[in-house]
Amino acid sequence: MVLVRRLTAGDLDVFREIRLRALTDTPENYGSIAAAEREQPDEEWLARLDGDAWFAAFDADRPVGLVAGRARDGSWILYSMWVAPEARGQGLAARLMGEVRAAAEADGAREVWLHVAEDNDRARRLYLRLGFIATGELEPMPNDVGRRRERLYLPVTAGSSK
């Protein structure tokens with residue numbers, strides 16, 4: 001059985017492990033690189049855990065998924081979604097996204113939004129299936145200006161609109 005829960009400061013080592021694994025597995029989908037984050041001191045990792053809502057999926061004690069959410073101007077941004085290759089196709093991304101959505105709803109957010117790489121068809125299909133709406137707003141990827149990403153959003157409160 002897979003458990004999904006919010007990470008705390010006590011999860012520092014697990015957080016670092018799974019974040020670096022995500023950055024190593026699919027570096028093209030992130031705005032950061034593993035080598036740079038690996039060098040960050042514990043204080044920076046702890047500040048991330050304290051500043052944003054990080055959720056992880058665990059299969060037994062092994063972390064197999066990660067996502068983060070952050071409040072921003074009445075909305076929440078979902079970022080750093082990752083599921084380990086051996087755990088894909090089991091609904092973990094939907095469960096992780098659901099945790100961010102629940103946190104956003106509890107915070108009174110109008111919407112949850114994210115960016116997805118234009119060429120990441122699997123992630124794009126997932127987000128659309130989960131109710132996200134494509135905006136057509138494109139911008140260069142932070143770590144590869146030759147690629148673009150699109151903003152998608154999901155209304156989370158009654159009467160919300162883009």
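This is a predicted model: local features need pLDDT of at least 70, side-chain atom pairs count only at pLDDT 80 or more; totals for chains, interfaces and linings use all residues.
Residues are numbered from 1 along each chain as its sequence is written, and side-chain values use heavy atoms, with hydrogens and water left out.

How many residues lie between S2 and S3 in their hairpin? There are two, and Ala60 in the turn has a positive phi of about 60°. Next, S3 (residues 62-72) pairs with S4 in the antiparallel sense, over seven bridges. Follow the bridges along and you will find Ala68 partnered with Tyr79 of S4, and Ala71 partnered with Trp76 of S4. The S3 and S4 hairpin has two residues between its strands, and Asp73 takes a positive phi near 55° there.

## From S4 to S5

Strand S4 also pairs with S5 (residues 111-117), in the parallel sense and over two bridges. Trp76 turns up again here, with Val112 as its bridge partner in S5. To get from S4 to S5 the chain passes through H4, and this β-α-β crossover is right-handed (with the strands pointing away from the viewer, the path from the first strand over the helix to the second runs clockwise).

Is S4 mostly covered or mostly open? Strand S4 (residues 75-83) is mostly covered, as eight of its nine residues are buried. Here, buried means under 20% relative accessible area, exposed means over 50%, and partly exposed is in between, using a 1.4 Å probe and protein chains only.

Four aromatic pairs turn up in a search of the whole structure. Rings of Phe, Tyr and Trp (its six-membered ring) pair if their centres lie within 6.5 Å; planes under 30 degrees apart count as stacked, over 60 as edge-to-face and the rest as tilted. The ring centres of Trp54 and Tyr79 are 5.5 Å apart and their planes are at 75°, so this pair is edge-to-face. Trp54 lies in S2 (residues 53-59) and Tyr79 in S4, so the pair ties together parts that are 25 residues apart in sequence. Trp54 is buried, with a relative accessible area of 1%. Together, Phe15, Trp45, Trp54 and Tyr79 form one aromatic cluster.

Trp45 leads us to helix H3 (residues 42-51), where Trp45, Arg48 and Leu49 are buried. Seen down the axis of H3, the buried residues fall within an arc of 95°, so they line one face of the helix (the arc is that of the directions from the helix axis to the C-beta atoms). Turned away from this buried side are the exposed residues Glu43, Asp50 and Gly51. The buried residues of H3 pack against H1 (12-25), H2 (34-38) and S2.

Which residues of H5 (residues 121-129) are buried? They are Ala123, Leu126 and Tyr127. Viewed down the axis of H5, its buried residues fall within an arc of 95°, so they line one face of the helix. Arg125 and Arg129 are exposed on the face turned away from the buried side. The cover over the buried residues of H5 includes S4, H4, S5 and S7 (144-155). After H5 comes Gly131, with a positive phi near 105°.

Leaving aside neighbours within four places in sequence, Tyr127 is in contact (heavy atoms within 4.5 Å) with Leu78, Met81, Leu114, Val116, Phe132 and Leu152.

Definitions and conventions: Helices (H or I, at least four residues) and strands (E, at least two) are DSSP runs, numbered from the N terminus. Two strands pair if DSSP finds at least two bridges between them.
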